[in-house]
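The sequence and structure come first, and the notes follow.

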Amino acid sequence: MDNAANNILALQLNEWTCLQCFGHHLHLAIERNLKLPQVERAVGVCKRLVSAFSNSWKRQRELAKVQAELGLPAHQLITDTRTRWGSLQNMINRVIEQEKALSQVLRADKKTRHLVLTWQDMDVLESLNKALSPLTEFTDALSGEHYTSVSYLKAVLHLFNTQVLKPQDDDTQLTTTIKEGILNYLNDKYDDQTKEELLDMASFVDPRFKTTYIKEEKVANIKTRVMSELENLVAEQTASAEAAPLPSAGASKDDPEVCAKRQRKSLSSYFKKTTQCQTAPLSTRDSVEKELNQYLRTLEACPETNPLDWWKQHEAHFPLLAKLAEKYLCIPATSAPSEWAFSTSGNTVTCQRSALKPERVDQLVFLALNLEKQFPEIQQDGANVLKHCFAKLIFVRCNSFLECIVCLL
């Protein structure tokens, strides 16, 4: 769920469980650490430096020449966009990569000499980049919409605490401070009993994790809750079956065709009947407990396995747990996919393009969303590539040409 105040208030008034967007929490944790004086100054200089090149084609031309002379990659600078997660780290990483070329171009102009990064600024940027670079991959991975993501949260938080954000021997003091600040913020946000129970349940019904990332003292409670929910599910199914209308009698018991079918019995039917009589039916609690124990005894699935595919294959063996998995695994870990869709619409219908017809807007939005799916670099490098594509489509006079593009996608 989005972290907007009105959304949170609506859920609180209705007493619904609120699982806020993990990406927003991570982004806010990073922003809090940017308020450190030395970090704020270095990042400010970095942003002004990037702006100086973005607003001058002459500096961009000189930068390209110096890159060729120094043998540096011919990469353009990346602008930090507040609504683009990870864009700050991408900007800093690109500035560190091109630091020699940038300094040479800036020193050649009296108006931009003050933007040359000092060694203190470079130390701060390198420390900040080292702390933030691993987090970008997790944000992108948890923002997917074609796979289950909520069950990853417990695993990701465990990985943050034990590896990713754990202080290393070669970390600077600033890097350690930033890691600890981000980690404390995230742990505090998810240190809630309701949220923790929800994440534990999602992790439990994921065949890749089960009880791996659940605290040992809480495993028994989670099993009890699973048993309770499964029993309620059985009760609901029984009640719905009893409320369903009985099928009408299609044939009388004295019908000769029915009697003939009764006489045609195989030898195995007698043994089947005997076995059914000897085996006493299990109670609801016993059947639920048996299914739960069988699930826990199965081997954990491969990390690359799609849990939805796994449950589809094993639904016949665990019918009740499969229903429970549908309830929890459908929850998204972030609200990024829905926000991308709304952002695409906002970037399509602008003040300069307010005369677009509804059917043309539908085609452009459809085209943009498919471009983002097929070319992920459009999302990572910002909206410049997407805007460039739209700018070309503005001048397309032949409607059939745009329709052909949409059909091909």
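## Aromatic cluster

Phe204, Tyr295, Trp310, Trp311 and Phe318 are joined into a cluster by ring pairs. The model is a predicted one. One ring of this cluster, that of Tyr295, also has a charge over its face: Lys210 lies there, 4.8 Å from the ring centre.

Across the whole structure, the search gives 11 aromatic pairs.

## The Phe22–Tyr190 pair

Phe22 and Tyr190 make a tilted aromatic pair, with 6.1 Å between the ring centres and 40° between the planes. The two residues are 168 apart and the pair links distant parts of the chain. Phe22 belongs to helix H2 (residues 22-33), while Tyr190 is in the loop between helix H9 (173-189) and helix H10 (193-204).

Are these two residues buried or exposed? Phe22 has a relative accessible area of 1%, so it is buried, the cut-off being under 20%. Tyr190 is buried as well, at 8% relative accessibility. The charged end of Lys195 sits over the Tyr190 ring, 5.9 Å from its centre.

## Packing of H3 and H7

Helix H3 (residues 37-54) and helix H7 (residues 119-142) have axes that come within 9 Å and cross at roughly 100°. H3 is therefore roughly perpendicular to H7, as crossing angles of 65 to 115 degrees count as such.

On the H3 side, the contact involves Gln38, Val39, Arg41, Ala42, Val43, Val45 and Cys46. The residues they meet in H7 are Asp121, Val124, Leu125 and Leu128. By type, the residues of this contact are 8 nonpolar, 1 polar and 2 charged.

Key
Residues numbered from 1 in each chain as written. Predicted model: local features only at pLDDT ≥ 70, side-chain atom pairs only at ≥ 80, totals over all residues. Heavy atoms only, no water. Axes fitted to C-alpha atoms, helices over the stretch in contact; angles between N-to-C directions. Helix = DSSP H or I, 4+ residues; strand = E, 2+ residues; numbered from the N terminus. Parallel < 35°, antiparallel > 145°, perpendicular 65-115°, else oblique. Contact = heavy atoms within 4.5 Å. Nonpolar A, V, L, I, M, F, W, Y, C, P; charged D, E, K, R; others polar. Phe/Tyr/Trp six-rings, centres within 6.5 Å; stacked < 30°, edge-to-face > 60°. Buried < 20%, exposed > 50% of the residue type's maximum accessible area, 1.4 Å probe, protein only. Lys NZ or Arg CZ within 6 Å of the ring centre and 35° of its normal.
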